[in-house]
Amino acid sequence: MTSTELTQKSARFNWWWPLLLLLATIGIFYFYHATLDVYETSILIITAIAMGFLGYFWPAFRWHSIVVSALSLSALQLYGVDLSRAENNFLLQYLLASQSALMWMSALFLAATVTYFAGLWRRSDYLEKIGTVLTWAATTFGMTGLMVRWRETHMMGEDIGYIPVSNLYEVFILFAVITALLYLYYEHRYQTRKLGGFVLLVISAAVFFQLWYMFERNADEIQPLVPALQSYWMKIHVPANFIGYGSFAMAAMIGVAYLLVNWRQQKNPTSAWVQAMPSLSLIDDVMYKSIALGFAFFTVATILGALWAAEAWGGYWSWDPKETWALIVWLNYAAWLHMRMTKGWSGVPMAWWAIVGLFVTLFAFLGVNMFLSGLHSYGTL
Amino acid sequence: MSEQDQPRLHNLPFRRRLVHFLGSMDLAITLLLTLAIASVIGTVLQQNQPYTDYVIKFGPFWFEVFEQLGLYDVYSALWFLAILALLVISTSVCVVRNAPSMIRDIWQLRTQIQKKSLKLMQHHAEWSAPQTVSALTPIYQQQLKAQGFRSRLTEKNGAVLISAMRGGMNRLGYLFTHIAIVVICLGGLMDSNLPLKIAEWQGKLQIETRDLAIRDIPANSRLPVSDLAFRGSVSIPEGRGAEVAFLPVRDGYLLQALPFRIEVEDFRIEHYANGQPKSFESDLLIHDPERATPLAETISVNHPLIYREHAIYQASFGDGGSKLSIEAWPLDTRMGQQPVSLETKVFANSELIWGDTTLRLEMTSFRPFNINADPTEDDPDNLRNFGPSIGYKLRAPTGEAREYENYMLPVTRDGREFYLSGVRNSPAEQFAYLYLPVDENGGLDKFVAFSGALHDADKTKRVANTMMLDALSVLPDKDPQLEASLQLTLETLIAMFMRGGFDEVRNFVENELPEAERDNLAPAYLGMLREMLARMYFTEVVPEANPEDPEQVQFLQDAVDAMGSLPRYGSPVFLKLNDFEHIQSTGLQIAKAPGKNTVYFGCLLLVIGVFLLFYLPQRRMWLWLEADGNETSVLMAGTSNRNSREFNAVFARQKQLLVGANGNSAEPQTT
Ligand code: HEM
């Protein structure tokens, strides 16, 4: 994140952004300090700082955050203390209640996927720009949905409230939102709208699963947390993990794009489509970048997991299936990075490897909960 | 890293070659992937289960094979540890080999670089500036500084070289990540059970597989208080204490002594409104000879107590031997006529003399409440609280046992109350339920009286006799032979009924009677039996009652049904729970991990290292300044070990700044 031209861009008014975050932090602390312990307070501050940097390098993120906050706050206003308003207040019912917001998110993500591909097909920058806008909108609704749901859990009952990244349904939303944000960042960074459709594909898959999970299993019901999950670690471990998962998923989809472009190029180097797509070297570069990012955050997440385990299970490492699969994923990408950095591999094999990586990651994320038994107490399908 | 010296590899001495192999990237990558694949095993095959389960799963042959391979505890199997060790060695070698150059790389500005190699770089540019070299150098150095570059001047005969670098710490990132791996693994080793394994190989330790009382556990299965790591568990009833922990090892355990005594004052489960458990908490007292007063602490899930390097966790809970006062109601006269009261507790055994056999009564469980679906209906949705229940086994001298589940409070069926008792022959079966009708004053007296009467030979004789006389009174003259046979038949019917319920009678009809007579005899026999039972009830149990009274008739019906199923119930008594004192036990996990901080330190290194590696690109720039009249011809070149794409922009901008820079302003003007 040491790119000079970016610091230049945002240098113009980066004074109000930190200020805003400072005020927000103080405000939150003022209203909730009674319920925040020292850890949660530090998490709050760290979050603010992280958002500060993000907004600094990435102006659009500021506006995203501001809109999310505005929408969430108005939702809280409309709710008051009465959960049933979700049925009888128009705005909540059709826009802001978490389930409604998430429905909008799902719809918009699907729309964005289609639009990106349409843009790719018709070679229309305009459509692709629309795709970007739709993705932003979807992300905003998704984030709002999570925020509002957070409040809703508290309205379910004094002792029930929890941060909505605590079961499989919620983390799927988190996955979609984070992956989208990651993509939007790289899109802005490398002007690669052409890759949008591919990345949005994996997000749409997540959206479909989440819808199925909701309609088939009523997974969207808010259930109180089992004791094992009642910990502030949840608030950092899970998001960090999903930055990892999201980056790996994105890398895999970019890998797919790479293989397609490469394949077309073999057949017909002058094909207009190949011309339209970003250069192979750029795609390859973005793939590396997102795996590197994923690896970094996945490292952090796994370590946070170990710290939590040391507090909840009586040991920082128990070779519990979920833990072990995290290690497997991590080792896999460590090997990937070595291949690339030290043996200088790149291109087709690495693209395939990134795709395989996604399946390994997918198993760590879903398969373990579905097929293996362990200490991890959430999200058995 | 490791390729350049490939060619002349074969003519190196073996030691060098070994070191080279160990430090080779190929080995590293192979190891990373091997480790990944090996780790899968332990996740698909559930680890550290009772060995009997594995035998059942794989059969004796494969069980043996897998055991030899250590698959039931893969992560402490020798071959797995070997892979880890190799990885550590390989990483160490790699670090040791690369460290010197990397460290040099952090500082060195590559001042001895040649002009031609600058020209060869992918990023280079040339221009000529309208100032003298001496005027230009401070400006350029200033400029580079403004962009975070450290720079140095070197005189090259006639020319001046400004070498600049930023992000040298990137190399530190390499060192950190890889040293971290070593540190973490070593820390993990400190906390592994390797010392135990070694002691076991040396025969100093014996894994105990029997289920013994603590005092009976032999010395060579005990571990003294020491600095070694361990991770064990112990279950302590409320109001009791323990100063040991059980360490699970393969299919057995070892007993680890603790330097203090843990007493459990109380264990609590808090529930959410919807009945889900919300928290498990234990109030602990730590009695430590080193303390004047015991330390009082409450632990709960996610909130362990750390005391003298020992971490004490809330892990599980169970029954701690709840006290039960029970009334044993005889269902068989050989057990007497009156209920016997019995004080026992969960997990206690007592004897039960039944005629000439002694049954062993094993109390297995107590539940303060049973919020579950009606155990006698299929509808899983109508959840009710059925109140307290006890579970026990009746074991015959032969060893096989029947399992019972009795509810403390009567359940209501069609407005009548019954005591409910489930029975099954094996855990695999469903419970079959016995309904004992509750009489007017809420007891079992009436039913027991009835059963007693039916077991009583004289009463049976008497009732049979009156019934026989009534039946034959319609005949004109007495027929002693007929009388005798009918009397006998009636008594036999009752005997049969007591032996096997109505089925016994039906079977008798099926098997003993000639084909032709069955169809009209069967109903006749059953009719007679019912009549007998009714007479028995109204003469011997409730003589004063009116036989027309529907209540009585109903009760008789229920009693008869219950009597009919008693033979299948297989217990001579019904155990009625009268009172209880619920005592829970808390399951604590106790761990000691001396390597913990080492591991955490390694983790810190790893995180710092990884971020340095990825996000602090090491960028170098060179400016080769040569006087050209009173102008200066400038050759600029640069490299970056990461993000070469971004570096294009960086380089271009840097060039722009330098070209744009003149004497008046050393400040970069942004575009
Ligand atoms: C679990 C073990 C290991 C982990 C997690 C690990 C991690 C990493 C990471 C994250 C990178 C940075 C890749 C990049 O810059 O994109 C790296 C680079 C590297 N690793 Fe490892 N590594 C491990 C083991 C090894 C071993 C055993 C060796 C020795 C053969 C090794 C040699 C290297 C080298 C030479 C580099 C390139 C450094 C550079 O030039 O930037 N690594 N490693």
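Reply: Two strands pair if DSSP finds at least two bridges between them. Strands (E, at least two residues) and helices (H or I, at least four) are DSSP runs, numbered from the N terminus. This is a predicted model, where local features need pLDDT of at least 70 and side-chain atom pairs count only at pLDDT 80 or more, while totals for chains, interfaces and linings use all residues. Residues are numbered from 1 along each chain as written, chains are lettered from A and ligands numbered from 1 in written order, and side-chain values use heavy atoms, leaving out hydrogens and water.

Me: How many bridges join strand 5 of chain B and strand 24 of chain B?

Reply: Strand 5 covers residues 230–237 of chain B and runs antiparallel to strand 24 of chain B. One spot to look at is Ser235(B), which stands opposite Gly587(B) in strand 24. The bridges between strand 5 and strand 24 number eight.

Me: And in strand 24 of chain B, which residue is the bridge partner of Phe317(B)?

Reply: Strand 11 (residues 310–319) of chain B is also antiparallel to strand 24 of chain B, with eight bridges joining them. Within strand 24, Phe317(B) is partnered with Thr586(B).

Me: How many of the nine residues of strand 24 of chain B are buried?

Reply: Buried means under 20% relative accessible area, exposed over 50%, partly exposed in between (1.4 Å probe, protein chains only). In a regular strand the side chains alternate between the two faces of the sheet. Here both faces are covered, with Leu588(B) and Ile590(B) among the buried residues on one side and Gln589(B) and Ala591(B) among those on the other. Strand 24 (residues 584–592) is largely enclosed by the rest of the structure, because its buried residues number nine of the nine.

Me: What arrangement do the six donor atoms around the iron atom make?

Reply: Donors are N, O and S atoms within 2.8 Å of the metal (3.2 Å for Na, K and Ca), and sites may look incomplete since water is not among the atoms. Six donors count as octahedral if opposite ones are over 155 degrees apart and all others between 65 and 115. The angles at the ligand's iron atom are 87 to 178°, which makes the arrangement octahedral.

Me: Which residues are the protein donors of that iron atom?

Reply: Helix 14 (residues 321–341) of chain A supplies one histidine and helix 7 (residues 169–190) of chain B the other, so the pair joins two chains. Both His338(A) and His178(B) are buried. The NE2 donor atoms lie 1.8 to 1.9 Å from the iron, and they belong to His338(A) and His178(B).

Me: How far apart are the closest N and O atoms of Asp285(A) and Arg340(A)?

Reply: A salt bridge is a side-chain nitrogen of Lys or Arg within 4 Å of a carboxyl oxygen of Asp or Glu. Asp285(A) and Arg340(A) are both buried. Their salt bridge has its closest N and O atoms apart by 3.8 Å.

Me: Which residue of chain A meets Asp26(B) in a salt bridge?

Reply: Asp26(B) is partly exposed, at 38% relative accessible area. The N to O distance is 2.6 Å, and the partner is Lys343(A).

How values were computed
Tetrahedral: all angles 85-135°; square planar, octahedral: opposite > 155°, others 65-115°.
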